[in-house]
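This report describes one protein chain in plain terms.

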Amino acid sequence: MTTDTATDVFEQHRPVLLGVAYRMLGRVADAEDVVQEAWLRWSAADRGEVREPRGYLVRITTRLAIDRLRQVKARGETYVGPWLPEPYVTDFGDTVPDTAERAVLADTVSLAVLVVLESLSPLERAVFVLREAFGYPYAEIAAMLERGEPAVRQLAGRARKHVEERRPRYEVDPVQRRDLTERFLAAADGGDLEGLMSLLAPDVRLVGDSGGKSKAPLRVLETADKVGRFVHGAAQKGAAPDLSFRFLELNGGPALLVLSGEKPDSVFQLDVLEGRIQSIYIIRNPDKLRSLASV
């Protein structure tokens with residue numbers, strides 16, 4: 001296999017590799033580092049012995065991501081306030097024509113699911129991602145992780161049960177989520193507390209991630225009254241004159257990117273159920289917004 005062909009093969013599979021690494025790590029920069037390391041391993045490998053490049057590359061990427069995840073957990077870093085994954089631009093385009101498959105991929109990259117995945121062990125997370133997001137058979141996952149198939153099935157069952165027990169319920173309909181996001185923005189921007197409250201579920205949650213580097217709640221806010229009054233109060237304090245708004249697809253669903261001048265200021269994304277807002281995610285940690293500067 002020539003160098004040009006090796007590069008072409010790797011680039012063909014890069015979106016899948018980045019998808020695996022990001023779901024494993026929840027951090028765009030770490031995922032890109034892992035994929036770059038996978039390229040170095042691929043370029044140095046005896047590719048004549050590789051019968052199925054995609055499986056080979058996914059195996060390398062998964063193992064590298066597990067190692068990176070263990071390092072992150074081992075560091076025991078303290079994080080100020082609630083933690084959310086770094087926003088990830090998703091555009092499945094024509095690469096995922098099947099509606100059901102698209103829905104699965106969107107769900108497994110959602111902020112709600114990634115937060116739950118943080119509480120899994122690295123191996124549980126790897127098995128969950130490979131099985132639930134990418135549909136790999138247990139036998140292939142076992143070979144990738146050098147584990148017995150019964151052990152992999154046990155890991156998968158444990159991870160699936162954990163996620164299902166802890167994940168919030170929400171609908172993935174992008175049209176409804178976009179509509180409620182627009183109405184939420186209009187009510188907040190217009191100082192319409194009553195209109196704002198009408199959009200919120202009684203048990204709505206607001207999770208703000210600032211990492212202590214910008215203004216956001218340092219604890220999760222719950223109930224429509226607390227969340228509504230916080231959003232109304234924050235909006236009424238007066239926005240900077242150079243703020244602008246842009247809709248884009250992040251983590252499998254519509255999101256609102258707030259720009260201060262040309263610089264990303266924050267990201268808002270909503271989870272919706274039965275026509276009401278169930279969760280509001282606000283990401284304001286500037287370190288997590290850097291990848292959106294060129295969007």
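## Aspartate 30 and its surroundings

Apart from its neighbours within four places in sequence, aspartate 30 is in contact with Leu25, Arg68 and Val72; contact means heavy atoms within 4.5 Å. Aspartate 30 has its place in helix α2 (residues 28-44). Helices here are DSSP runs of H or I with at least four residues, strands are runs of E with at least two, and both are numbered from the N terminus. With a relative accessible area of 14%, aspartate 30 is buried. The classes are buried (under 20% relative accessible area), exposed (over 50%) and partly exposed in between, for a 1.4 Å probe and protein chains only.

A network of salt bridges links Asp30, Asp33 and Arg68. A salt bridge is counted when a side-chain nitrogen of Lys or Arg is within 4 Å of a carboxyl oxygen of Asp or Glu.

## Basis of the model

The model is predicted: local features need pLDDT of at least 70, side-chain atom pairs count only at pLDDT 80 or more, and totals for chains, interfaces and linings use all residues. Residues are numbered from 1 along each chain as its sequence is written, and side-chain values use heavy atoms, with hydrogens and water left out.

Glutamate 146 counts as exposed at 61% relative accessibility, whereas arginine 63 is partly exposed at 30%.

Arginine 205 and glutamate 222 form another salt bridge, their closest N and O atoms being 3.6 Å apart. Arginine 205 is in strand β1 (residues 200-209) and glutamate 222 in strand β2 (residues 221-222), 17 residues apart. Arginine 205 is partly exposed at 31% relative accessibility, and glutamate 222 is partly exposed at 44%. In a further salt bridge, aspartate 287 pairs with lysine 213, and the closest N and O atoms are 2.2 Å apart. Aspartate 287 lies in helix α12 (residues 286-289) and lysine 213 in the loop between β1 and β2, so the pair ties together parts that are 74 residues apart in sequence. Aspartate 287 is partly exposed, with a relative accessible area of 29%.

## Glutamate 182

Glutamate 182 is in helix α9 (residues 174-189) and counts as partly exposed at 36% relative accessibility. Its C-alpha atom is separated by 9.4 Å from that of phenylalanine 247, which is 65 residues away along the chain.

## The chain as a whole

The secondary structure comes to 12 helices and six strands. The radius of gyration is 20 Å, close to the 19 Å that the globule rule gives for 295 residues, so the chain is as compact as a globular protein of that length. The radius is taken over C-alpha atoms, and the rule is 2.2 Å times the number of residues to the power 0.38. Along its principal axes the C-alpha trace spans about 65 × 40 × 40 Å.

Of the 295 residues, 48% are buried. Among contacts with a separation of 6 or more, 66% are between residues 24 or more positions apart.
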